[in-house]
Amino acid sequence: MRRYRSLYAILFAVHPVLALYASNTAAVRLQHVLPSLVVSVTGALLLLVACTLVLRDRVRAGLLTSLVLMGFFSFGHATGAWTAAGAPGSGRAAVAIVWGIIIATATFALVRARRRLHRLETFATFVGVLLVAYAALQIFVSGSRAGREARAGASPEIVSRAVDEPPGGATPRPPRMLPDIYYIVLDGYARHDVMRDLYGFDNTPFLARLRARGFQISERSRANYCKTLHALAASLNMSYLHELMDVSSKSVDNAPLLRLVRSNRVTHLLRERGYDIVAFASGYELAEFSKIDLYLDGGGGWTEFTNVLLATTPVPALLGERGDPHARHRRRLEYILDEIPRIPRAPRPRFVFAHLLAPHPPFVFDREGNAVEVERGFGFYDGSDYYKHGGTREEYVTGYAEQARWVTARLERTLDALLERYGDAPPIVIVHSDHGPGSRLDWKSVPDTDLRERFGILMAAYLPGQPAVDLGETFSPVNVFRMVFGVYFGAELGPVVDRSYYTFQSQPFRYIDVTDPERPTELPQR
């Protein structure tokens, strides 16, 4: 067995992957974790073999491999801490130098050591086993809790009725007569007054040009929820979440929301009417559809999990553009905006869903579309989470304003190309935000959150052949497809009252009604 004792070093490659998964079990599919785990373990084995060949001693090789792996997977965290502390110079360079010195010194000490190192090996083994066991326990507890909440929380009758109920018993038209539908969600795009007052960007000329093209704009639209997953679950199921499911306000498991997004009422009903479902990979796994006919991925198959894991390592610094998750995020955004008007027409009508993670952080574009270098670790952190990971409010406001200008200009070109390609038989086009920006968002406090900023959103709709439809001033996303099904399919779905709900980051099913910002009201808890 002594020949294999050094294999404990592999635990230091397993732990970072499991630890990241343990913190995101409700948001990440296991199938997206396994490739990272396989690559990590394979790399660790190759490193262990190399160290054994060089040092000609399994004990020393195991210790050195463990140290290198700890440095490798903590590189991004150390870089972020350096930047957050306001230390001078490049965080990557400083951390690389420090880790280089530590590893070189440790290698020299291991080579020169005359004492037997079995006690140190035993300690390292204990630490590795403890780390992996703790992460595995977290995953088990999260899975068990999710199972209990699924059994005792979301009511199967309520969810089933929300997904399966036909809208008014309308008779579907023949597929060839149905218009294609483009549903474009801009993550965090502010309403025009918020954009102007808080970010110094007057986008009213853009809105005026949309009106000239035939778009309707809801002037005072407000988000239904302050979080993406909640907002999409509501709009794609045409109902408020507390009416769709019966989940305890103490639950921390997002699984019921994921199910509502991935198996939603809108795509279900469109399939019944002959539609194919087309979706772009956004890079944000929580908002990905599970069953579609055409899946378009401009990120090379890299998931948010992979990007976040790589950001903890020196890989982005070593590979430059090829390994930088921020660069991949840039390419993905450009790909979506480029490809929306290029999706080929088909005999069957199509529903196209495009969720763009912009102008939401991370801020990777300036107003001209030039790349912005981001040394901080990759992640879609927003609001107080953005500051917790080392960002500043000044940085947020500047970065947001720049990226908002870029995405506005690029979106306008995309919409022009889309409508031009369809000619005299244009599609339905819905463009809105899921929520507003978060420079003044506190995930733990309603009073400390600027509700106008977070809930003030863009709402625009191109409704060909329906000049009599009027969105009104406060039209919100929960009513988007109620309107579409009513106008184009004859469904008997009237609008619901437009309301806004704040939800806490740590309590996703605890709802505060902030429709009247002066009188926030908490819904009854269960």
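Helix 17 (residues 393–422) lies across strand 1, strand 2, strand 6 and strand 7, and runs at about 180° to strand 1. The model is predicted, so local features need pLDDT of at least 70 and side-chain atom pairs count only at pLDDT 80 or more, while totals for chains, interfaces and linings use all residues. Residues are numbered from 1 along each chain as its sequence is written, and side-chain values use heavy atoms, leaving out hydrogens and water.

- Seven strands form an open sheet of mixed pairing in the order 2-7-6-1-5-3-4.
- Strand 2 (215–217) and strand 4 (294–296) are the edge strands, each pairing on one side only.
- From one strand to the next, the twist averages 15°.
- Strands (E, at least two residues) and helices (H or I, at least four) are DSSP runs, numbered from the N terminus; two strands pair if DSSP finds at least two bridges between them.

**Strand 1 and its neighbours**
- Strand 1 (residues 181–186) runs parallel to strand 6 (residues 428–433), and six bridges join them.
- In strand 6, Val-429 is the bridge partner of Tyr-182, and Ser-433 that of Leu-186.
- Six bridges also join strand 1 to strand 5 (residues 350–356), again in parallel; there, Val-185 has His-355 as its bridge partner.

**Burial of strand 1**
- Six of the six residues of strand 1 are buried, meaning under 20% relative accessible area with a 1.4 Å probe, protein chains only.
- Ile-181, Tyr-183 and Val-185 cover one side, and Tyr-182, Ile-184 and Leu-186 lie on the other, all buried.

Note on methods. Axes fitted to C-alpha atoms, helices over the stretch in contact; angles between N-to-C directions. Contact = heavy atoms within 4.5 Å. Buried < 20%, exposed > 50% of the residue type's maximum accessible area, 1.4 Å probe, protein only.
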